[in-house]
Amino acid sequence: MAKIIIPIILCFVGIVSAQLSTDFYSTTCSDVLSTIKREIDSAVGNEARMGASILRLHFHDCFVQGCDASVLLDDTSSFTGEKTAGANANSLRGFDVIDTIKTELESLCPNTVSCADILSVAARDSVVALGGPSWTVQLGRRDSITASLSLANSDLPGPGSDLSGLITSFDNKGFTPKEMVALSGSHTIGQASCRFFRTRIYDDDNIDSSFATSLQANCPTTGGDDNLSPLDTTTPNTFDNSYFQNLQSQKGLFSSDQALFNGGSTDFDVDEYSSDSSSFATDFANAMVKMGNLNPITGFNGQIRTNCRVIN
């Protein structure tokens with residue numbers, strides 16, 4: 001009997017592990033990757049900031065219920081999505097780019113490619129478009145029919161988080177402190193609104209004084225909440241390791257950025273990534289693969305939305 005049971009168990013495990021795969025759409029939508037890449041290259045070419053916006057959209061999706069495209073759902077009279085969460089409201093962007101990709105893929109391969117997979121691939125292609133590393137995206141996610149405003153408010157770390165809070169937030173999703181530091185390196189691209197770093201530039205003492213002064217010119221104590229500043233002032237539109245070098249000079253834009261290099265347990269990791277760009281690129285790519293595998297919906301669960309903003 002044992003000889004019969006063991007092969008059955010192994011076969012079952014194989015099916016589960018194969019639900020996400022690199023060739024998931026090879027026979028059903030062979031142009032999926034080239035289509036997403038073309039649209040992302042175009043969007044980032046038109047506005048470099050969009051690359052960071054798409055990457056952030058993916059992160060804010062995966063950290064809430066897993067990588068299930070729940071972040072893309074609009075509020076309706078009978079449904080509350082995640083877009084009004086504190087970390088998302090008037091901040092997340094790039095939805096229109098995902099819509100454009102989805103529309104094109106629905107024309108090519110109707111009812112086939114999930115919004116969750118589109119967002120996962122788009123995040124990778126956005127990093128590559130700005131000079132960063134690439135990684136292999138496993139495919140086969142399906143889209144959620146739920147969203148969670150409460151989890152979006154509780155699970156996403158904020159710009160005022162301290163090191164302990166950051167470590168806990170990422171540990172709750174299965175990431176080590178070093179993986180958290182690597183993923184924080186995504187702040188080598190993108191821009192942030194004054195309201196997210198005002199406290200940092202006026203109240204924190206672990207900040208370069210000239211850096212703080214330069215930021216205060218565009219971020220007054222009152223007003224100007226939506227005025228933008230780059231997260232990485234050195235190379236704001238290039239995905240590289242300057243973010244970590246900035247932290248060594250106390251030039252992190254968010255308090256949560258500088259918390260990574262402030263006499264704590266992650267100083268060593270910042271030093272490593274600051275001096276070794278290839279180590280950062282490798283660790284970031286590996287951590288992104290891990291993030292993309294957070295609690296995907298697979299098999300016959302969930303659905304393939306035809307419009308990423310609404311449940312079918």
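The legends below describe close-up views of a predicted model.

**View 1. Residues annotated as a binding site in the UniProt record.** In the unreviewed UniProt entry, the annotation "binding site" covers T188, D232, T235 and D240. Although these residues span 53 residues in sequence, no two of their C-alpha atoms are more than 9.8 Å apart, so they gather at one spot.

View 2. Leaving aside residues up to four places away in sequence, T188 touches D232, T235, P236, T238, F239, D240 and Y243. For T238, the backbone oxygen lies 3.3 Å from a polar atom of the T188 side chain.

**View 3. D232 and its surroundings.** D232 is found in the loop between β2 (228-230) and α11 (242-248), and with a relative accessible area of 0% it is buried.

**View 4. The salt bridge between R93 and E47.** A search of the whole structure finds 15 salt bridges, and one of them pairs R93 with E47, with the closest N and O atoms 2.9 Å apart. This pair links distant parts of the chain, since R93 lies in the loop between α3 (49-62) and α4 (95-108) while E47 lies in the loop between α2 (32-46) and α3, 46 residues apart. R93 is partly exposed at 22% relative accessibility, and E47 is likewise partly exposed, with a relative accessible area of 28%.

**View 5. The salt bridge between D117 and R141.** D117 forms a salt bridge with R141, in which the closest N and O atoms are 2.6 Å apart. Because D117 belongs to helix α5 (residues 115-129) and R141 to the loop between α5 and α6 (149-155), the pair ties together parts that are 24 residues apart in sequence. Both D117 and R141 are buried.

View 6. The side chains of E179 and K290 meet in a salt bridge with an N to O distance of 2.9 Å. E179 lies in helix α8 and K290 in helix α14 (residues 277-292), so this pair ties together parts that are 111 residues apart in sequence. K290 is partly exposed, its relative accessible area being 31%.

How values were computed. Residues are numbered from 1 along each chain as its sequence is written. This is a predicted model: local features need pLDDT of at least 70, side-chain atom pairs count only at pLDDT 80 or more; totals for chains, interfaces and linings use all residues. Side-chain values use heavy atoms; hydrogens and water are left out. UniProt positions are given in the numbering used here, feature names are shortened, and annotations may be inferred rather than shown by experiment. Contact means heavy atoms within 4.5 Å. A polar contact is a pair of N or O atoms within 3.5 Å; within protein, one must be able to donate a hydrogen and the other to accept it, and residues adjacent in sequence count only if both atoms are side-chain atoms. Helices (H or I, at least four residues) and strands (E, at least two) are DSSP runs, numbered from the N terminus. Buried means under 20% relative accessible area, exposed over 50%, partly exposed in between (1.4 Å probe, protein chains only). A salt bridge is a side-chain nitrogen of Lys or Arg within 4 Å of a carboxyl oxygen of Asp or Glu.
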